[in-house]
Amino acid sequence: MNTLTELEKKFNDYDLGNLFDYLKKYSKNSIKIELNQTTDNKIEIGKSKIGGKPDLPQNIKWFQSKATNKPMSFIAQINFADVKPFDTDNKLPEKGILYLFYDLEEMPWGFDPKDIAGREVFFFDGNIADLERKSIPDGIDEENVFLPASLIFKNKIEIPDLWSSLSNFEFSEEENERYWELKEEFDGIQNKILGHSDIIQNGMELECELVTNGLYCGDSSGYEDPKRKELEKNIDNWNLLLQIDSNDEIDMMWVDSGRIYLWITDENLKNRKFENSWLILQCD
């Protein structure tokens, strides 16, 4: 479903037109990512990729977890020059490369402020000629190294999940059942930049706001904290920057068919402060 008209028809087919009318005001453009499993030597240095070996500046070493001091797994590099033609909302840089590394030994879920130690988000805005393809370091398990894939980008219009932090729609048990049936038609591998998150457990905007302000959300304490009322006003400022699914073709699995989500505020996205983004892991 790549247009609002197509989405509306599908919701009407399930007698959920009222829900669509409510959610459509939150519609966003997303940049869908399709993977083409290949070999590293078939991907030019500096091009967008998931898995394989990263192309980092010569003076930057493979990133280590601040929690374990061991090499983290390389997840993705996104060259914004590859993506910009699909950025219809003009939110992304025209150039530069975003890198994501993640600690697959500790696998932080993102509900603890301390989880920042288990991921590295790095932005390079220099000359491609200064990049080199890094060798896989000692100390990283073979199962934590993913097969390389080149990327294909496409546009898609999305509305949020019913359980998004943005939604306060009151629905009946029958509507909930129909929504689940509808959602099954959308199931599948979902890798993307921007747009709305494909939720597995719960909405994440509020969690991002609370955790990045020092509140623990692994239990109810963060959500019951007196600071929540004021912080909750800021959830509209959070953007899904990157969603990486479990991708069997490159041996990438997040626990039990889970996904990782990288979130960033409007201000940090505008100012290219990608290091201030927040990572959450969800699974069934």
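Which residue forms a salt bridge with Glu-232? The partner is Arg-228, and the closest N and O atoms are 3.2 Å apart. A salt bridge here is a side-chain nitrogen of Lys or Arg within 4 Å of a carboxyl oxygen of Asp or Glu. Glu-232 counts as partly exposed because its relative accessible area is 32%. Arg-228 is also partly exposed, with a value of 25%. Buried means under 20% relative accessible area, exposed means over 50%, and partly exposed lies in between (1.4 Å probe, protein chains only).

The model is predicted: local features need pLDDT of at least 70, side-chain atom pairs count only at pLDDT 80 or more, and totals for chains, interfaces and linings use all residues. Residues are numbered from 1 along each chain as its sequence is written, and side-chain values use heavy atoms, with hydrogens and water left out.

A search of the whole structure finds 18 salt bridges. One of them joins the side chains of Lys-9 and Asp-13, at 3.5 Å from N to O. Both residues lie in helix α1, which spans residues 4-13. They are 4 residues apart, about one turn of the helix. Helices (H or I, at least four residues) and strands (E, at least two) are DSSP runs, numbered from the N terminus. Lys-9 is exposed, at 53% relative accessible area. Asp-13 is partly exposed, at 48%.

Asp-40 and Lys-49 also meet through their side chains in a salt bridge, at 2.4 Å from N to O. Both of these residues are buried. Elsewhere, salt bridges link Glu-158, Lys-192 and Asp-198 in a network.

Negative charge also gathers on the surface. Glu-173, Glu-177, Glu-181 and Glu-184 form a patch there. Patches are made of residues with over 30% relative accessible area and no salt bridge; like charges are joined within 9 Å, and nonpolar side chains (Val, Leu, Ile, Met, Phe, Trp, Tyr) within 5 Å. Lys and Arg count as positive, Asp and Glu as negative; His and the chain ends are not counted. Each charge is placed at NZ of Lys, CZ of Arg, CG of Asp or CD of Glu. Accessible areas come from the Shrake-Rupley method with a 1.4 Å probe; for residues, only the protein chains shown count as cover. Glu-184 lies in helix α4 (residues 173-186). Glu-184 is exposed, at 57%.

Asn-144 lies in the loop between β7 (131-133) and β8 (149-158). Asn-144 is buried, at 11% relative accessible area. Asn-144 touches Ser-73, Leu-104 and Glu-105, leaving aside residues up to four places away in sequence. Contact means heavy atoms within 4.5 Å.
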